[in-house]
Amino acid sequence: MSLCPNARGEVLQLVMSLENSDVVQVKRAIHSLGQLGSSASASIPALREMLRSDDPYVQVHSALALWRIEQNAKDVVPVLVRQLGQDDAAVCSFAAAALGEIGSHSNDVLPALHAILEEQDGYARLHVAEALARSEHWKPHAARVLLDCL
């Protein structure tokens, strides 16, 4: 793949899988790249390209993989915050869980996460509360939401 000329071995195979027409296979490849962590750094250009996918799940998977590989929230947090606004509760929940893993509580993230707490979907609220619980300011509110989810 021309985007990742330094990819070799398993990383190369996974990068090549990103061109698959089967979205499930693409998501698996992205997830696997993220699991490899920094050893998959040669895949970063392809993963950045996947952030522009039409599929919101591919975008969230790509953002999370990029976080796991390079530990740089700057490029991935906006993608995840945008997905918090999806009508699909599963996408919203997945994005919230990814933000929770990242633990980035920038000025853009906290209000977006807090707005989701008013949603009816329990999974989205649960993941958002988990993310907010990492912030001292939001911890009491997150605790109440977590108790409500029980």
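**View 1. Helices α2 and α4 are roughly parallel to each other in this predicted model.** The axes of the two helices lie 7 Å apart and form an angle of about 15 degrees. Angles under 35 degrees count as roughly parallel, and therefore α2 and α4 are placed in that class. The crossing in which α2 passes α4 is left-handed. On the α2 side, the residues that meet α4 are Val23, Val26, Lys27, Ile30, His31, Leu33, Gly34 and Gln35. Their counterparts in α4 are Tyr57, Val58, His61, Ser62, Ala65, Arg68 and Ile69.

**View 2. Helix α1 is roughly antiparallel to helix α2.** Helix α1, residues 9-17, packs on α2 with the axes 8 Å apart and an angle of about 150 degrees. That angle makes α1 roughly antiparallel to α2, because the class applies to angles over 145 degrees. As α1 passes α2, the crossing is left-handed. Helix α1 makes the contact through Glu10, Val11, Leu14, Val15 and Ser17, and helix α2 through Val26, Ala29, Ser32, Leu33 and Leu36.

**View 3. Leu33 is a buried residue of helix α2.** The relative accessible area of Leu33 is 0%. Residues under 20% count as buried, so Leu33 belongs to that class. Beyond its neighbours within four places in sequence, Leu33 is in contact with Val11, Leu14, Val15, Leu18, Ala40, Ser43, Leu47 and Ile69. Leu33 and Glu10 are separated by 23 residues in sequence, while their C-alpha atoms are 9.0 Å apart in space.

**View 4. The largest nonpolar core of the model contains 48 residues.** The residues with the most contacts inside this core are Leu18, Ile30, Leu33, Leu80 and Leu84. Helix α4, which spans residues 56-70, gives the most to the core, with eight residues. Which residues does Leu80 contact, leaving aside its neighbours within four places in sequence? They are Val60, Ala63, Ala95, Ala98, Leu99 and Ile102.

**View 5. The loop between α4 and α5 contains Gln71 and Asp75.** Gln71 has a phi angle near 55 degrees, which is a positive value in a residue other than glycine. Is Asp75 buried, partly exposed or exposed? Asp75 has a relative accessible area of 27% and is partly exposed, because this value falls between the limits of 20% and 50%. When neighbours within four places in sequence are left aside, Asp75 is in contact with Arg48 and Leu51. Asp75 and Arg48 are 27 residues apart along the chain, and 8.7 Å separates their C-alpha atoms.

**View 6. Val77 is a buried residue in helix α5.** Helix α5 covers residues 77-83. Val77 has a relative accessibility of 7% and so counts as buried. The C-alpha atom of Val77 is separated by 8.5 Å from that of Ile102, a residue 25 positions away along the chain.

**View 7. Val91 is a buried residue in helix α6.** With a relative accessible area of 1%, Val91 is buried. Apart from neighbours within four places in sequence, the residues in contact with Val91 are Pro56, Tyr57, Gln83 and Gln86. Between the C-alpha atoms of Val91 and Val60 there are 7.9 Å, although the two residues are 31 residues apart along the chain.

**View 8. Helices α6 and α8 are roughly parallel to each other.** Helix α6 consists of residues 89-102 and helix α8 of residues 122-132. How are these helices arranged? Their axes come within 8 Å and cross at roughly 15 degrees, and α6 and α8 are therefore roughly parallel. This crossing is left-handed. The contact is made on the α6 side by Ala89, Cys92, Ser93, Ala96, Ala97, Leu99 and Gly100. On the α8 side, the contact is made by Tyr123, Ala124, His127, Val128 and Ala131.

**View 9. The confidence of the prediction is lowest, by mean pLDDT among the elements, in helix α7 and highest in helix α2.** Helix α7, residues 109-116, has a mean pLDDT of 70, whereas the mean for helix α2, residues 23-36, is 97. The protein averages a pLDDT of 85, and 90% of the residues score at least 70.

How values were computed:
Residues are numbered from 1 along each chain as its sequence is written. This is a predicted model: local features need pLDDT of at least 70, side-chain atom pairs count only at pLDDT 80 or more; totals for chains, interfaces and linings use all residues. Side-chain values use heavy atoms; hydrogens and water are left out. A nonpolar core is a set of buried Ala, Val, Leu, Ile, Met, Phe, Trp, Tyr and Cys residues joined through side-chain atoms within 4.5 Å. Buried means under 20% relative accessible area, exposed over 50%, partly exposed in between (1.4 Å probe, protein chains only). Helices (H or I, at least four residues) and strands (E, at least two) are DSSP runs, numbered from the N terminus. Contact means heavy atoms within 4.5 Å. pLDDT is the predictor's confidence in each residue, from 0 to 100. Axes are lines fitted to C-alpha atoms, for helices over the stretch in contact, and angles run from 0 to 180 degrees between N-to-C directions. Angles under 35 degrees count as roughly parallel, over 145 as roughly antiparallel, 65 to 115 as roughly perpendicular and the rest as oblique. A crossing is left-handed if the near helix is turned anticlockwise from the far one by less than a right angle, and right-handed if clockwise.
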